[in-house]
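Biologist: I would like to learn how to read pockets and salt bridges in a model. Can we go through one case?

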Amino acid sequence: MWPRVNGMRTLELGSPGGLRDELNALVLDGAKTATATLLAEYAEEAEEIEFPGEILALLGNDGAVLGELRVTAVTTVPFAEVTWDFARAEGEGCTDLAHWRRSHLAYWRDVEGRQVDDTTPVVCLRFTLPAPPTG
C-alpha cells in the first residue's frame, strides 16, 4: 500500500531525488495538473484507483506534505490512447505527443524496469491544488 498521511492517500511523483523535486515544483507552480501511472502499479500495491473529489497529500523527498491535491478526473486508457490534452496537462515540457510517449516509455523502461506497449493500461489522473499546505 502507498503511505497515508492524516487519513489521506499520498502522491509521490517520479522517483526520489531531483526528478521528484522538479515535478513537485511544477505542481506547486500550477504548471502540472495531471500525472500518469501504469495500472499495474495499483495492483502491485493493492491500491484502488483514485476518484474525483478525493484529496491526496503531495509528498516531498523527505516525506513532508507539500500540499493537498483534489482529484478532478481519472481515466484508464491504453498507452497509445493517451491524448495530447492530457500529456500537455502533465506540464513537463513535452513539445508534442510523440515526445511525451518517448519520455514516458524511457522512464518506465529505464528507471522502473517495466515493459510498456501501445496496449498497456495507463491511469490518467487530473488534479488541482486547492489549498496551501496544512501544518
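The talk below takes the pocket, then the salt bridges.

Modeller: This is a predicted model, where local features need pLDDT of at least 70 and side-chain atom pairs count only at pLDDT 80 or more, while totals for chains, interfaces and linings use all residues. Residues are numbered from 1 along each chain as its sequence is written, and side-chain values use heavy atoms, with hydrogens and water left out.

Biologist: How much space lies in the largest pocket?

Modeller: Rolling a probe the size of a water molecule over the atoms shows where empty space is left. On a 1 Å grid over the protein atoms alone, a pocket is an open set of points where a 1.4 Å probe fits, with protein on both sides within 12 Å along at least five of seven lines; lining residues have an atom within 4 Å of a point. Here the largest pocket holds about 700 Å³, the volume being the space filled by probe spheres set on the points, which are joined across faces, edges and corners. Its lining has 30 residues, and Glu12, Leu13, Gly14, Tyr107 and Glu112 are the closest to its centre.

Biologist: Which salt bridge does Glu54 form?

Modeller: A salt bridge is a side-chain nitrogen of Lys or Arg within 4 Å of a carboxyl oxygen of Asp or Glu. The count comes to 11. Glu54 pairs with Arg9, the closest N and O atoms being 2.8 Å apart. Both Glu54 and Arg9 are buried (under 20% relative accessible area). Glu90 and Lys32 also meet in a salt bridge, at 3.6 Å, N to O. These two residues are 58 residues apart.

Technical notes:
Buried < 20%, exposed > 50% of the residue type's maximum accessible area, 1.4 Å probe, protein only. Helix = DSSP H or I, 4+ residues; strand = E, 2+ residues; numbered from the N terminus.
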